[in-house]
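Please read the following report alongside the sequence and the three-dimensional view.

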Amino acid sequence: MKKENPILKFILGIIILAVAALYMYPIIMIIFNSLKVETAISTNTVFELPTGDKFNGLNNFIEAITKQGFLQSFFYSVFITATSLIAILVCCSMCAYFITRIRSKISNIIYYLFVFSMVVPFQMVMFTLAQTADTLKLNTPYNIFIVYLGFGAGLAVFMFAGFMKSVPIE
């Protein structure tokens with residue numbers, strides 16, 4: 001059995017710690033800047049710690065919750081995520097089941113259309129999507145999950161179909 005070198009482990013630990021610190025640095029700077037008053041955040045002072053008259057404490061967080069509608073936005077985010085996830089799971093798993101179990105030309109065409117939808121960049125459909133969502137009133141938090149279903153269906157059907165192909169018919 002090979003004996004591990006403790007010096008090599010120590011050097012590797014230092015390298016990993018340095019990479020982790022570089023990764024966490026932007027997050028720490030965001031936290032520091034969130035504790036400053038608004039006038040203290042500028043390109044010249046962004047890297048300074050909040051001290052003295054520049055320190056605002058938790059007032060920015062309290063204001064975000066009470067005056068900026070944070071809780072409503074949080075609820076909308078959770079609701080949109082949950083409804084989108086449920087719609088994608090139910091609809092795409094049924095579609096993938098149909099595609100893999102009913103072998104026909106139509107099911108192959110449907111499958112390749114779903115796969116093709118993963119290749120089309122979002123920028124190509126963004127304007128048309130916004131217009132269609134406005135026209136069909138799909139731009140509210142309570143029914144935007146239909147738009148998310150449309151964008152998530154390609155990858156979900158591809159993955160579910162891959163899984164269903166591995167499950168024996170018996």
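This is a predicted model: local features need pLDDT of at least 70, side-chain atom pairs count only at pLDDT 80 or more; totals for chains, interfaces and linings use all residues.

Residues are numbered from 1 along each chain as its sequence is written, and side-chain values use heavy atoms, with hydrogens and water left out.

**Helix packing**

Two packed helices are described by the angle between their axes and the distance between the axes. Helices here are DSSP runs of H or I with at least four residues, numbered from the N terminus. Axes are lines fitted to C-alpha atoms over the stretch in contact, with angles running from 0 to 180 degrees between N-to-C directions.

| Helix pair | Axis distance | Crossing angle |
|---|---|---|
| α4 and α6 | within 7 Å | roughly 130° |
| α3 and α6 | within 7 Å | roughly 40° |

Angles under 35 degrees count as roughly parallel, over 145 as roughly antiparallel, 65 to 115 as roughly perpendicular and the rest as oblique; α3 is therefore oblique to α6, and α4 and α6 are likewise oblique to each other.

With contact taken as heavy atoms within 4.5 Å, the α4 side of its meeting with α6 consists of Tyr111, Phe114, Val115 and Ser117, and the α6 side includes Ala153, Gly154 and Val157. Lys165 of α6 also takes part in this meeting, and Lys165 lies over the face of Tyr111, at 4.7 Å from the ring centre; such a placement requires NZ of Lys or CZ of Arg within 6 Å of the ring centre and within 35 degrees of the ring normal.

**Aromatic pairs**

Rings of Phe, Tyr and Trp (its six-membered ring) pair if their centres lie within 6.5 Å, and planes under 30 degrees apart count as stacked, over 60 as edge-to-face and the rest as tilted. By this rule there are eight aromatic pairs. In one of them, the rings of Tyr25 and Phe47 are stacked, because their centres are 6.5 Å apart and their planes stand at 15°. Tyr25 belongs to helix α1 (residues 6-34) and Phe47 to the loop between α1 and α2 (59-66), so this pair ties together parts that are 22 residues apart in sequence.

The rings of Phe70 and Phe74 are also stacked, with centres 6.3 Å apart and planes at 20°; these two residues lie four apart in helix α3 (residues 70-101), a separation of about one helical turn. Phe75, Tyr76, Phe79 and Tyr142 form one aromatic cluster.

**Single residues**

Beyond its neighbours within four places in sequence, Ser107 is in contact with Phe98, Ile99 and Ile102.

Ser77, in helix α3, is partly exposed at 42%, and its C-alpha atom is separated by 8.3 Å from that of Pro141, 64 residues apart along the chain. Lys137, in the loop between α5 (122-135) and α6, is exposed at 56% and has a positive phi of about 60° although it is not a glycine.

Key: Buried means under 20% relative accessible area, exposed over 50%, partly exposed in between (1.4 Å probe, protein chains only).
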